Amino acid sequence: MIDRTGKLAEKLFKRIRGAAEVDYAKFQSMLESAEEGWTPVEEPENYRWFLVESFPVKDFAITMKDIVGGLEKDDQEAEYAQHDLIISLLRVEHKEDWWPAFVTSSGVIFDGYHRIAAHRTLKHEKMSVVVAVERDPGSRMDWDKAWNKWFGFPEKK
């Protein structure tokens, strides 16, 4: 994981006015192939899902160099092949908002690194992002609480 979470969380929250809550089921098939071990994917009912339709690609600060850095040559080739496939799919679809990246409210990208890099390669300015917000973040003060408060969801005591 590339650790740039704090800045990304802040930039996502600044776009909250343009966010709308969406049903997880809309994205379930996309996330079925996500890497295992991500709580939002494994426990989607414990999260609220918000779509930010027009998020600046540059704000992710992710490139293919970041993705392949430190990998063996064969692994790098596989990563670039996946990147090229996504570019082909995005060109066919002709829409920048067709296939979102998935991020937690605290700025952790849990699915979509290659899509972000592909949008960057295609010089797209914006892309869609789905933000997973924990429904009951407990006593800690964090981005989940801020999103829930903004949308008027009561805190559980």
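Helices (H or I, at least four residues) and strands (E, at least two) are DSSP runs, numbered from the N terminus. Under this definition Lys14 is placed in helix α1. The structure is a predicted model, in which local features need pLDDT of at least 70 and side-chain atom pairs count only at pLDDT 80 or more, while totals for chains, interfaces and linings use all residues. Residues are numbered from 1 along each chain as its sequence is written, and side-chain values use heavy atoms, with hydrogens and water left out.

Lys14 is exposed, with a relative accessible area of 63%; exposed denotes over 50%, buried under 20%, and partly exposed the range in between (1.4 Å probe, protein chains only). The C-alpha atom of Lys14 is separated by 14 Å from that of Asn148, although the two residues lie 134 apart along the chain.

The axes of α1 and α7 come within 11 Å and cross at roughly 0 degrees, where axes are lines fitted to C-alpha atoms, for helices over the stretch in contact, and angles run from 0 to 180 degrees between N-to-C directions. Because angles under 35 degrees count as roughly parallel, α1 and α7 are roughly parallel to each other. In contact terms (heavy atoms within 4.5 Å), Ala9, Glu10, Leu12 and Phe13 of α1 meet Trp143, Ala146 and Trp147 of α7. The residues of this contact comprise 6 nonpolar, no polar and 1 charged, with Ala, Val, Leu, Ile, Met, Phe, Trp, Tyr, Cys and Pro counted as nonpolar, Asp, Glu, Lys and Arg as charged, and the others, Gly among them, as polar.

An open sheet of 5 strands, with mixed pairing, has the order β1-β2-β5-β3-β4; two strands pair if DSSP finds at least two bridges between them. β1 (19-22) and β4 (109-111) each have a single partner strand and stand at the edges, so one side of each is left without a neighbour in the sheet. β1 and β2 run antiparallel and are joined by 4 bridges, and Val22 stands opposite Trp49 in β2. Helix α7 (residues 143-150) packs on the sheet, touching β1, β2 and β5, and its direction makes about 100 degrees with that of β5.

Definitions and conventions: Parallel < 35°, antiparallel > 145°, perpendicular 65-115°, else oblique.
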